[in-house]
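User: I'd like to go through this model and ask what stands behind each label. Can you take me through the values and the cut-offs?

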Amino acid sequence: MSATARLNLAALSLALGDTARRFDADLLPVCDSSNAVLLARAEAGAPTGTVVITETQTAGRGRRGRPWLSAPGDSLTFSLLWRFAPGTSPAGLSLATGLAVATALEKVGAGKTALKWPNDLLRDGRKLGGILIELVPGAPHAAVIGIGLNLRLPGEMPEDLRARSAALAHPIDPNRLLAALLIQLLDTLNHFARHGFAALRHDWQARHAFENAPVRLLADFAPPRDGICRGVAGDGALLFEIDGQVERILSGEISLRPR
Ligand code: ATP
């Protein structure tokens with residue numbers, strides 16, 4: 001393992017071994033957002049397994065256009081195009097992706113990651129990474145899966161964000177880590193495509209950051225609501241208990257916070 005190893009496609013291909021043929025990866029020194037680049041390539045007909053990796057994003061984004069901060073060498077930032085069979089429901093895809101990332105990190109010995117509905121990866125309650133799923137316009141069964149992970153905390157991070165962010169505890173070769181992530185994504189997404197999120201729910205809940213914990217739901221156009229998080233349903237809905245009733249929360253416009 002080397003702290004100074006840089007991403008490169010030859011090393012990635014070597015680390016992927018036989019699985020390399022399942023992916024078509026491109027490494028960009030700089031782009032606005034790897035999701036935006038891959039969405040454009042998907043619209044132009046790129047096949048499933050196309051990967052855009054970038055060292056620098058000038059306009060990295062999270063949900064609802066929120067910024068995602070990354071820095072070359074400090075962050076692993078990439079997007080993967082997956083074309084599901086017509087009829088496949090994308091419900092729970094961001095949860096399945098989070099599970100794949102957590103599992104890959106465990107397999108490479110990079111420690112345990114907790115999952116927060118619907119799209120965050122946490123260490124000690126702080127954000128280690130995020131996931132942004134975007135459906136390809138005009139191709140409703142094609143999804144661009146964007147993943148950003150902090151290998152180290154980006155140097156230029158504002159203090160308040162730094163206090164809410166986490167990074168991997170030990171240096172890891174980013175090529176080896178990315179290969180492990182892609183191999184696990186292949187496995188988990190195939191499982192998801194065949195059986196839906198329900199088949200992954202147990203493994204997701206085993207890593208759930210807020211199982212049976214008091215939480216606050218924040219919505220754009222409604223007051224915050226306090227309740228208890230009862231995990232997730234087989235279709236990926238958040239199960240939120242309030243006044244003794246369990247509600248199913250589906251909307252991605254909602255944010256979950258610990259209380
Ligand atoms: P939600 O709970 O609704 O998902 P969120 O704040 O987690 O809200 P996301 O869209 O998932 O929103 O991620 C974007 C947010 O992540 C930014 O607003 C910022 O607070 C935080 N963020 C940006 N860059 C990083 C980073 N490198 N590491 C950790 N957190 C980051």
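Analyst: Let's start with the domains. The C-alpha centres of domain 1 and domain 2 lie 24 Å apart. Domain 1 covers 9-205 and domain 2 covers 214-256, with bounds that come from an automatic or database domain assignment. This is a predicted model, where local features need pLDDT of at least 70 and side-chain atom pairs count only at pLDDT 80 or more, while totals for chains, interfaces and linings use all residues. Residues are numbered from 1 along each chain as its sequence is written, and side-chain values use heavy atoms, with hydrogens and water left out.

User: How do you know that domain 1 and domain 2 are in contact, and how many residues take part?

Analyst: Contact means heavy atoms within 4.5 Å. By that rule 13 residues of domain 1 touch 18 residues of domain 2.

User: What is the area buried between domain 1 and domain 2?

Analyst: About 1100 Å², with 51% of it on carbon and sulfur atoms. Buried area here is the accessible area (1.4 Å probe) that two parts lose on being put together, summed over both. On the domain 1 side, Arg63, Arg64 and Trp117 lose the most area to domain 2, together 54% of what that side buries.

User: What makes Asp220 and Arg64 a salt bridge?

Analyst: The rule wants a side-chain nitrogen of Lys or Arg within 4 Å of a carboxyl oxygen of Asp or Glu. The closest N and O atoms of Asp220 and Arg64 are 2.6 Å apart, so the pair meets that 4 Å limit. Across the interface of domain 1 and domain 2, the rule finds one salt bridge.

User: How many residue pairs are in polar contact between domain 1 and domain 2?

Analyst: Eight, with both residues at pLDDT 80 or more. A polar contact is a pair of N or O atoms within 3.5 Å; within protein, one must be able to donate a hydrogen and the other to accept it, and residues adjacent in sequence count only if both atoms are side-chain atoms. As for the side of domain 1 that touches domain 2, its largest share, three residues, comes from helix 6 (residues 201-205). Helices (H or I, at least four residues) and strands (E, at least two) are DSSP runs, numbered from the N terminus.

User: Back to Arg64: why is it called partly exposed?

Analyst: Buried means under 20% relative accessible area, exposed over 50%, and partly exposed in between (1.4 Å probe, protein chains only). Arg64 has a relative accessible area of 33%, so it is partly exposed. Arg64 sits in the loop between strand 2 and strand 3, and its phi is near 50°, a positive value in a residue other than glycine.

User: And why does Thr54 count as buried?

Analyst: Because its relative accessibility is 0%. Thr54 belongs to strand 2 (residues 50-57), and its side chain reaches the backbone oxygen of Leu28 at 3.2 Å. Leaving out residues up to four places away in sequence, Thr54 touches Leu28, Pro29, Val30, Cys31, Ser34 and Thr77.

User: Cys31 is on that list. Is Cys31 buried or exposed?

Analyst: At 9% relative accessibility, Cys31 counts as buried. Cys31 is in strand 1 (residues 24-31). Cys31 and Thr58 are 27 residues apart in sequence, yet 6.2 Å apart in space, C-alpha to C-alpha.

User: Which parts of the chain does the salt bridge between Arg207 and Glu106 tie together?

Analyst: The side chains of Arg207 and Glu106 meet at 2.8 Å, N to O. Arg207 lies in the loop between helix 6 and strand 8 (214-219) and Glu106 in helix 3 (residues 93-107), so the pair ties together parts that are 101 residues apart in sequence. Arg207 is buried at 17% relative accessibility, whereas Glu106 is partly exposed at 24%.

User: What makes the peptide bond from Trp117 to Pro118 stand out?

Analyst: That peptide bond is cis, with omega near -5°. Pro118 is found in the loop between strand 4 (114-116) and strand 5 (120-123).
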